[in-house]
Amino acid sequence: MLRLEGERCSIRPWRAADSGSLLQHANNINVAKHLRDRFPHPYTRKDADVFLRHAVESEDESNLAIEVHGTAVGAIGYVPGRDIERFSAEVGYWLGEAFWGRGIVTEALALVTAYTFDELNMLRLFALPFADNSGSIRVLEKAGYIREGLLRASSVKYDVVKDQALYARTNPAWQPPP
Ligand SMILES: CC(C)(COP(=O)(O)OP(=O)(O)OC[C@H]1O[C@@H](n2cnc3c(N)ncnc32)[C@H](O)[C@@H]1OP(=O)(O)O)[C@@H](O)C(=O)NCCC(=O)NCCS
């Protein structure tokens, strides 16, 4: 089973037993307002259970928990593209507000980026933070992602038109599979 170890956090698959901590940290407008609408707010016990049932039953390990001191306090995942974009994946993450500002997601992103490049032969990871999400943009820059552009009026969050920034990191060691 996948486990990536850092100094500040570990990355591992979700477990059914994460329900309580997931609910505690996910039910926060300061988290939800930066994410896609499929991340609900308020975040209910039912939302946590539905998410965990899917994550636990799923075979693939692209939807992962950020664990700190044995507890799941956030999420990080990637969604590979298809067809000609099959070696490129969108990465996303959130962390419980109580843990912000300790370098945890910077480390989590570095761990997941290295894993997808070295073990899964991904060529490119990219992220689309809202252009005013300075914390996430800082995380991406610290993890070696490069700003490629600004997607003007590319999204609407809570009825407000928002730009998204495009950040990406590419794998210099990538080779086509044999
Ligand atoms: C964005 C988020 C993931 C950052 O996680 P984190 O573990 O606190 O990040 P780190 O501690 O590794 O780094 C945060 C950096 O952003 C900086 N930062 C945080 N808020 C900031 C702000 N409003 N303006 C500018 N910089 C900010 C911190 O100072 C730090 O940089 P530094 O190390 O140079 O001081 C977390 O705040 C979060 O989950 N936010 C809500 C969900 C979200 O935005 N997800 C990303 C969607 S694209």
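## Elements and the cis peptide

Helices, of at least four residues, and strands, of at least two, are taken here as DSSP runs numbered from the N terminus. On that basis, Pro 42 lies in the loop between helix H2 (29-32) and H3, in what is a predicted model. The peptide bond that joins His 41 to Pro 42 is cis, with omega at about -5°.

## Helix H3

Helix H3 comprises the 13 residues 45-57, which at 1.5 Å a residue should span 18 Å, and the distance of 18 Å between its end C-alpha atoms agrees with this. Its buried residues are Ala 48, Phe 51, Leu 52 and Ala 55. Seen down the axis of H3, these buried residues fall within an arc of 95°, so they line one face of the helix. An α-helix has 3.6 residues a turn, so residues three or four places apart point the same way.

Which elements do the buried residues of H3 pack against? They pack against helix H1 (19-26) and strand E3 (63-68), whereas Lys 46, Val 50, His 54 and Glu 57, on the other side of H3, are exposed.

Eight strands form an open sheet in the order E1-E2-E3-E4-E5-E6-E8-E7, and their pairing is mixed. The edges are formed by strand E1 (4-5) and E7, each of which pairs on one side only. Within the sheet, strand E6 (residues 124-127) pairs with E8 in the antiparallel sense over four bridges, and Arg 124 stands opposite Thr 170 in E8.

Ala 153, which is placed in strand E7 (residues 146-157), has a positive phi of about 50°. Ala 153 counts as exposed because it has 9 C-beta neighbours inside 10 Å, and the limit for an exposed residue is 12 or fewer. Tyr 158, found in the loop between E7 and strand E8 (160-170), also has a positive phi of about 50°. With 10 other C-beta atoms within 10 Å, Tyr 158 is exposed.

The 15 residues of helix H4 (residues 104-118) should span 21 Å at 1.5 Å a residue, and the end C-alpha atoms are 21 Å apart, which agrees. The buried residues of H4 are Ile 104, Val 105, Glu 107, Ala 108, Leu 109, Leu 111, Val 112, Thr 113 and Thr 116.

The largest nonpolar core has 41 residues, and those with the most contacts inside it are Ile 11, Ile 66, Ile 76, Tyr 93, Ala 108, Leu 109 and Val 112. H4 gives the most to this core, with six residues. In soluble globular proteins, nonpolar side chains tend to be buried together. When residues up to four places away in sequence are not counted, Val 112 touches Leu 4, Ile 11, Ile 76, Tyr 78 and Val 91.

## The shell around the ligand

The ligand is surrounded by 21 residues, of which the closest are His 34, Thr 106, Ser 134, Gly 135 and Arg 138. Strand E5 (88-95), H4 and helix H5 (134-142) are the elements that give two or more residues to this shell. Which element supplies the largest share of the shell around the ligand? That share, five residues, comes from H5.

Terms used: Residues numbered from 1 in each chain as written. Predicted model: local features only at pLDDT ≥ 70, side-chain atom pairs only at ≥ 80, totals over all residues. Expected span 1.5 Å × (residues − 1). Buried ≥ 20, exposed ≤ 12 C-beta atoms within 10 Å, placed from the backbone. Arc of directions from axis to C-beta. Contact = placed C-beta atoms within 7 Å. Pairing = 2+ DSSP bridges. Core = buried A, V, L, I, M, F, W, Y, C linked by C-beta atoms within 7 Å. Near = placed C-beta within 6 Å.
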